[in-house]
Every structure is written in structure tokens, then in C-alpha cells.
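Here are a few exercises to work through with the sequence and the model open side by side. Try each one yourself before you read the solution.

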Amino acid sequence: MAVVETRELTKHFAGGVAAVDGIDLASTDGEFLVLLGPSGCGKTTLLRMIGGLEPPTSGDVLIGGRVVTHLPPRARQIAMVFQSYALYPHMSVYNNIAFPLKAQKVDKATQQQKVQWAASILGIDQLLKRKPRQLSGGQRQRVALARALVRDPNVFLLDEPLSNLDAQRRASARDELQQFQRRVGTTTIYVTHDQVEAMGMGDRIAVIDRGRVRQLGTPREIYDDPADTFVATFLGSPPMNLVPRNGHLLGFRPEHFVPAEPGASGAGSVTFPFHVHREEYLGVERLLYGEIGEAKAVARFPAGAPLAATPGETYEFAVQTKELKVFDRESGLRRHGEVPRL
Ligand code: ATP
């Protein structure tokens, strides 16, 4: 059963275009579903409508098969953690976590049991007596999650919950959050604009652009089989190369763009003259930046690859035909089936 489902969900803000434009999405039970897209694409608005914080203009939200479109947040059995999660500064960690239980008038013994349980799942049981100001950003984050967890939600809605952390903490928080989600098995909808976060954490990713879902799939499907040029270039760093040829756009990942073997042209690969501008050495890999005709292109190699490329020179590079994605030049949509004559 889909735990969270949206049907033709739409939001028009006064005077603006549709922030969310008829989105149909369905999560499976226990899934970690990521909503990924650039700033302003509508992902927060979509999450807020699922959570009941924003009334939709039209369409429906279903949770556990029940239409909840017009129910208030507290009737939806969801827990939300936003970027700007606020802990009560004057309360201890224990009381912060117990807060929703107190509000529900849960008895003291059950409160204590639930707070201990959530705190141990999140590894903050040693911190229950502290005040929020005595915690690191990552620990505060975990307190906010524990507070969400004690309510036994059917669904977690998380909006960029890691964005307040520095890069190093983010990586470990990402790992912790994912492990935690696996342990509790609660369906989670997670908003981010960070493709690394999305690829690393999501069971599936919905890529959103201008209020619409461009593609829904596993990280591998989205990366290997992008539905259009938006998805192809939004995921991957550096993004997929897009080169016009014979009225189409040819897409290929930088890691598939390699020096042509002498005499191999035509045998299952397509060659391109690659004019190299500069090289970047990144420790584990090297990137070559340059152009194919008018189009910018990047090639990526392991740092140790024996490759001598001089900026300013043009080299014959190749891509295996099986690694090429063909897109319609006008619509940007992927052309499946037969690869056209190149
Ligand atoms: P970000 O990653 O920057 O938070 P987002 O993808 O979450 O972006 P939303 O916050 O959902 O995007 O906003 C989608 C669009 O709706 C934007 O163009 C935004 O300006 C507009 N918008 C959001 N909230 C309102 C509002 N209360 N009134 C009017 N327009 C709004």
C-alpha cells in the first residue's frame, strides 16, 4: 500500500505560476523517498501540503489510503523536521523530546520509556540533561529527530534537515540518518537540493523542476537512464555532456568520454574532436575541461590513468555507443529505441 500518495496535487500562490503543478506521487511502505530539485522548484511546498501546513489549490493527499487533504497536521500521524527545527532553549534535551508526549497527556512512565527509546536509537542518551546550547549542530539535529520519533508517526517529512551542518558533519549525519531510518522502518519523504544527499540516501528519487516531477526512479535509474536533459544535467558532478549532432543531442557521462583507440572508430563507438582547455587534479580523479565544436565537454579519469593532455591541443576522444543517450533537441526528452545515424 502506498503510505503517502498525492493525486494531481497543485498549488498556485496568488500572482505566481504554479509552485506545484499536478503532482502524482506514491511512496511504498518504509521507503526513503527523496524530493530533489533546484531552489524554487516547489519541493518544500509539496512537502508542506503533504504535512497539512499548506492547503492545496486542487488535488488530494492520501496517507495510508485515507484522503487527508483537508485534515489538520495533527490528524495525519506524521512527524516533520524542517531546516529550521527549533528546540526550546530553556528546556533540557529530555523535556524537548518529551514535549509532544506531554502535549498529548501521555502518562509519565510511558513518556520516560519513549524518550529513552528514541534517545538510544539516535545515540543521544548521554545528553538528556543538557540544554540545547550545550550541544553541537549534529546533536541538536538528533534531538529534533528524537522529538519527531516519540510520536510514533506513520511518516517522516524531512526538509533539508542537514543543511545547518558543515560538510564533514553532513556526511556522518547523512549516514546516521539513513541507518536510523532503516532501523525504525518509517516511510520518509526527504527534501533536498543536494544531489549527493539524494543519491546516497534515497531508495527512490523524484526529480522536480518547476512544480513537476521530471523523473521518479532509483538513484541508479536516474543517473544511468535520465528521462530528459534536465535530469541528465542536474545529477552528476560534473554533469552529463550534451553535444549536438545530426539534429539530436547526444548525452554521455564524463567517465565514458575517453581517448579513442587508434583505428577503433566506428566499431561500437562514436568519436569526437575534443579541444582541451584545462585540467583539474582532484586527488582521486582528474578532469579535463574543453569543447567539442561549440559545446562544452568534460572527461573524467582516475588520477593515476596514464594520459597526457596538453591544454590548447585537440584530441580524438570516443564514447561507446551503449553509453550514449539520445535526446530530442527541441523538447529535451529522451529518445528511446533505435539510436539514430550519428
Ligand atoms: P528552496 O530549495 O529554495 O527552499 P523549493 O523547491 O523548496 O525551494 P518552494 O519553497 O516550494 O521551493 O517554492 C516554490 C515556488 O513557490 C517559488 O517560486 C516560491 O517563490 C513560491 N512560493 C513559495 N511560498 C510562497 C508563498 N507563501 N507565497 C507566494 N509564493 C510562494
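**Exercise 1. Work out how accessible Glu255 is, and where its salt-bridge partner sits.**

Keep in mind as you go that this is a predicted model.

Step 1. Glu255 has a relative accessibility of 27%, so it counts as partly exposed; the buried class stops under 20% and the exposed class starts over 50%.

Step 2. Now look for the partner: the side chain of Glu255 meets that of Arg300 in a salt bridge, at 3.2 Å from N to O. Glu255 is in the loop between strand 12 (248-252) and strand 13 (258-259), while Arg300 belongs to strand 16 (residues 295-302), so this pair links distant parts of the chain, 45 residues apart.

Step 3. Run the accessibility check on Arg300 too: its relative accessible area is 16%, so Arg300 is buried.

**Exercise 2. Which salt bridge does Glu285 form, and which parts of the chain does it tie together?**

Step 1. Glu285 pairs with Arg300, and their closest N and O atoms are 3.0 Å apart.

Step 2. Buried or exposed? Glu285 and Arg300 are both buried.

**Exercise 3. Describe the salt bridge of Asp209 and the network around it.**

Step 1. Start with the pair: Asp209 bridges to Arg210, with 3.3 Å between the closest N and O atoms.

Step 2. Compare the two ends. Asp209 has a relative accessible area of 8% and is buried, whereas Arg210, at 62%, is exposed.

Step 3. Widen the view: Asp209, Arg210, Arg214 and Asp228 are linked in a network of salt bridges. For the whole model, the salt-bridge count comes to 15.

**Exercise 4. Work out how helix 2 is oriented against helix 3 and helix 4.**

Step 1. Take helix 3 to begin with. The axes of helix 2 (residues 93-103) and helix 3 (residues 108-121) come within 10 Å and cross at roughly 130°. Helix 2 and helix 3 are therefore oblique to each other, and the crossing is right-handed.

Step 2. Find who touches whom: Tyr94, Ile97, Ala98, Leu101 and Lys102 of helix 2 meet Gln111, Gln112, Lys114 and Val115 of helix 3. Sorted by class, that contact holds five nonpolar, two polar and two charged residues.

Step 3. Now helix 4 (137-149). Its axis and that of helix 2 come within 7 Å and cross at roughly 30°. Angles under 35 degrees count as roughly parallel, so helix 2 is roughly parallel to helix 4. Here too, helix 2 passes in a right-handed crossing.

Step 4. On this side, Val93, Asn96, Ile97 and Pro100 of helix 2 meet Val143, Ala146 and Arg147 of helix 4. The classes are five nonpolar, one polar and one charged.

Step 5. Check burial: Val93, Asn96, Ile97, Ala98, Pro100 and Leu101 are buried in helix 2, and the buried residues of this helix pack against helix 3 and helix 4.

**Exercise 5. Is Thr229 buried or exposed, and what does it touch?**

Step 1. Thr229 sits in helix 8 (residues 229-234).

Step 2. With a relative accessibility of 19%, Thr229 counts as buried, because the cut-off is under 20%.

Step 3. Leave aside neighbours within four places in sequence, and Thr229 is in contact with Leu242, Leu249, Phe327 and Gly332.

Terms used: Residues are numbered from 1 along each chain as its sequence is written. This is a predicted model: local features need pLDDT of at least 70, side-chain atom pairs count only at pLDDT 80 or more; totals for chains, interfaces and linings use all residues. Side-chain values use heavy atoms; hydrogens and water are left out. Axes are lines fitted to C-alpha atoms, for helices over the stretch in contact, and angles run from 0 to 180 degrees between N-to-C directions. Helices (H or I, at least four residues) and strands (E, at least two) are DSSP runs, numbered from the N terminus. Angles under 35 degrees count as roughly parallel, over 145 as roughly antiparallel, 65 to 115 as roughly perpendicular and the rest as oblique. A crossing is left-handed if the near helix is turned anticlockwise from the far one by less than a right angle, and right-handed if clockwise. Contact means heavy atoms within 4.5 Å. Ala, Val, Leu, Ile, Met, Phe, Trp, Tyr, Cys and Pro count as nonpolar, Asp, Glu, Lys and Arg as charged, and the others, Gly among them, as polar. A salt bridge is a side-chain nitrogen of Lys or Arg within 4 Å of a carboxyl oxygen of Asp or Glu. Buried means under 20% relative accessible area, exposed over 50%, partly exposed in between (1.4 Å probe, protein chains only).
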